[in-house]
Amino acid sequence: STQSTWEPFSVAVHACRRGGVQVGKEVLVMGAGPVGLCAVLAARAFGATAVAVCDLSEERLAVARRCGATELVQVRVEQGFLLSDQLKMRAHVALECTGSGQGITGAVHCTRNGGKVVLIGLGRDTAQVPVTDVINREIDLLGNMRYCNTWPIALDMLASKKVDFSPLVTHRIDFDAPDAIEKAFTTTLNQKDESGVPSIKVMFRMEGESK
């Protein structure tokens, strides 16, 4: 389960370095999918004193709390991510993990003057950005293309127990069970299992592996 989280966690580590997340910073994470949740873990490991998370799903926000989020905001579909009035903080750094125009706009509006917005999520090729706000408040928009030279620091964070990936692995399916592959993909695509339990990371349990 730890190995399955290295790739998204490395993305988050690179994003935190790009954004200058460090002790004393307040961080906003837009989106509580696997990468967003890894961003919460990484931001806290880098020393962020507060991490706010915004998402549509109440269940995923609950996982974000277990990952170390200090403030949660559930977004309504009709509202988009325009939630500057709902947040207690004004972030030094916003980690945008949705890839949506609404998410980018919300990240900009919720970042304090002179702050940074790191664009992690991949959405459409183009998106509307509140350029006037970016210019007037001197907000830096930073791209984040996966990761580079992140393994040493990520390994150190794990070895020093600064991060705990266990909240991310929500399902384990016996690989030799009937329809195991179909069940795993369905659970992943639907973002929940047949019982309605939300899914983040869905893992196969191989023969001989302890439960």
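A disulfide is a pair of cysteine sulfur atoms within 2.5 Å. I looked for such pairs and found zero disulfides in the structure.

I noted that this is a predicted model, where local features need pLDDT of at least 70, side-chain atom pairs count only at pLDDT 80 or more, and totals for chains, interfaces and linings use all residues. Residues are numbered from 1 along each chain as its sequence is written, and side-chain values use heavy atoms, with hydrogens and water left out.

**Cysteines.** I checked Cys38. Cys38 is buried, at 1% relative accessible area (buried means under 20%, exposed over 50%, partly exposed in between, with a 1.4 Å probe and protein chains only).

**Helices.** Next I took H1 (residues 6–19) and H2 (residues 34–45). Helices (H or I) are DSSP runs of at least four residues and strands (E) of at least two, numbered from the N terminus. The axes of H1 and H2 come within 8 Å and cross at roughly 55 degrees. Axes are lines fitted to C-alpha atoms, for helices over the stretch in contact, and angles run from 0 to 180 degrees between N-to-C directions. I also found Cys38 among the H2 residues that meet H1; Cys16 is one of those on the H1 side.

**Val51.** I placed Val51 in strand E2 (residues 50–55). Val51 is buried, with 0% relative accessible area. Leaving out residues up to four places away in sequence, Val51 touches several residues, including Val27, Val40, Ala43 and Met89 (contact means heavy atoms within 4.5 Å).
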